[in-house]
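This report goes through one protein chain, from its overall dimensions to single residues. The chain is shown first.

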Amino acid sequence: MLDISNASRIFESGCGPGLLIPTILLNKTLNCEYISTDLSEKMVESSKLRVLNFLTFPNGQQENDSEILFKQISWRAEVANAEDLSQFSTDYFDIYYGGFIFHLVLNPMTALKEAYRILKPGGKIGFSIWGRKEIADNYTILRTTAAEVGYVFPKSHDAFHLGSDKAELKQFLENLGFKNILLWYQNTAANRFTAEQIIEGQNPSMIELLQKDQDLYKQLLKKLDEKIQHKLNVLNEPLMQDCLLVIAQK
Ligand SMILES: C[S@@+](CC[C@H](N)C(=O)[O-])C[C@H]1O[C@@H](n2cnc3c(N)ncnc32)[C@H](O)[C@@H]1O
């Protein structure tokens, strides 16, 4: 939905392990400056590794050439907090990508303000956030089941909040100055069929918390598998995930 063929500068926040990066690299022009960022150093390193694996090495170049290789494709990755992008100039980027990040940050409105600031006038933002909770069991099944078997989680903010009200989000984007706003919900099947696959998709600190008490963890896996099998084999439906996708222009 975002045409990047004429972009000269692309910014990505919350790049995670870099799943989107190969697609952007294939579609941007060689000289288009593309910066992928994440709050976590570990994620930045993992996205570098993904790009290295994606690039081919016809001359048997070694990994210690990586920074040179990255320069050749006008890409770099660095640590940055989406809520404070003061190291980046105002009115600088043509495109801002934020895949599944704004519902996670402490203050999404500050992060969206920063996105607006660093975009050029006419530049575009594209982002995805969690959508409608009631039709997103792939996102809710773990916490619900864990609570049922006795886990107690520290209080955290509701990651569904931002995507629960399209009209409110649109109003906020307009207040920031964004125009030509498109917002749409997308409900898709999750490619997850076992408890292990659900656990694998969690961040490392969540996995550590779940595995602290091994007896409780075994109960969790058993109950999770039962629920997933019921959904698949009795209701004959896959687990679902729901996103709110947004495109807007500065
Ligand atoms: C769910 S992952 C999304 C990864 C990727 N964009 C994707 O769609 O596959 C969210 C990422 O946002 C990062 N993140 C969380 N808070 C952040 C912040 N304030 N600034 C930058 N990145 C942040 C996390 O470290 C994590 O890598």
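The radius of gyration used here is taken over C-alpha atoms, and the globule rule is 2.2 Å times the number of residues to the power 0.38. For the 250 residues of this chain a compact globule would have a value near 18 Å, and the chain has 20 Å, which agrees. The C-alpha trace spans about 50 × 50 × 35 Å along its principal axes.

The model is predicted: local features need pLDDT of at least 70 and side-chain atom pairs count only at pLDDT 80 or more, while totals for chains, interfaces and linings use all residues. Residues are numbered from 1 along each chain as its sequence is written.

**Overall make-up**

The chain has 9 helices and 7 strands. Helices (H or I, at least four residues) and strands (E, at least two) are DSSP runs, numbered from the N terminus. A residue is called buried if 20 or more other C-beta atoms lie within 10 Å of its own, exposed if 12 or fewer, and partly exposed in between, with C-beta atoms placed from the backbone. By that count, 31% of the 250 residues are buried. Two residues are in contact if their C-beta atoms, placed from the backbone, lie within 7 Å. Among contacts between residues at least 6 apart in sequence, 79% join residues at least 24 apart.

**Nonpolar cores**

A nonpolar core is a set of buried Ala, Val, Leu, Ile, Met, Phe, Trp, Tyr and Cys residues joined through C-beta atoms within 7 Å. The largest one has 41 residues, of which Ile10, Tyr96 and Phe102 touch the most other members. Elements giving two or more residues to this core include strand E1 (9-13), helix H1 (21-27), strand E4 (93-99) and strand E7 (240-249). Strand E5 gives the most, with 5 residues. A second, separate core has 9 residues, among them Ala195, Leu220, Leu224 and Ile228.

Leaving aside neighbours within four places in sequence, Ile10 is in contact with Ile4, Ile24, Lys28, Cys32, Tyr34, Phe93, Asp94 and Ile95.

**Strand pairing around E7**

Two strands pair if DSSP finds at least two bridges between them. E5 and E7 run antiparallel and are joined by 7 bridges. E6 and E7 also run antiparallel, with 9 bridges between them.

Which residue in E7 is the bridge partner of Ile129? It is Leu244.

With 15 C-beta neighbours inside 10 Å, Gln249 counts as partly exposed. Not counting residues up to four places away in sequence, Gln249 touches Gly122, Lys124, Phe178, Lys179 and Asn180. Leu221 is 28 residues from Gln249 along the chain, and their C-alpha atoms are separated by 44 Å.

| Residue | Other C-beta atoms within 10 Å | Class |
|---|---|---|
| Asp91 | 12 | exposed |
| Asp165 | 12 | exposed |
| Asn180 | 9 | exposed |

Asp91 is found in the loop between E3 and E4. Its phi is near 55°, a positive value in a residue other than glycine. Asn180, placed in strand E6, has a positive phi as well, near 45°, and is likewise a residue other than glycine.

Asp165 sits in the loop between helix H5 (137-149) and helix H6 (166-176). Asp165 and Leu244 are 79 residues apart in sequence, with a C-alpha to C-alpha distance of 9.7 Å.

**Ligand surroundings**

A residue is near a molecule or strand if its C-beta atom, placed from the backbone, lies within 6 Å of it. There are 17 residues around the ligand, and Gly14, Gly16, Leu39, Ala82 and Gly99 come nearest. For the classes, Ala, Val, Leu, Ile, Met, Phe, Trp, Tyr, Cys and Pro count as nonpolar, Asp, Glu, Lys and Arg as charged, and the others, Gly among them, as polar. The shell around the ligand has 9 nonpolar, 6 polar and 2 charged residues.
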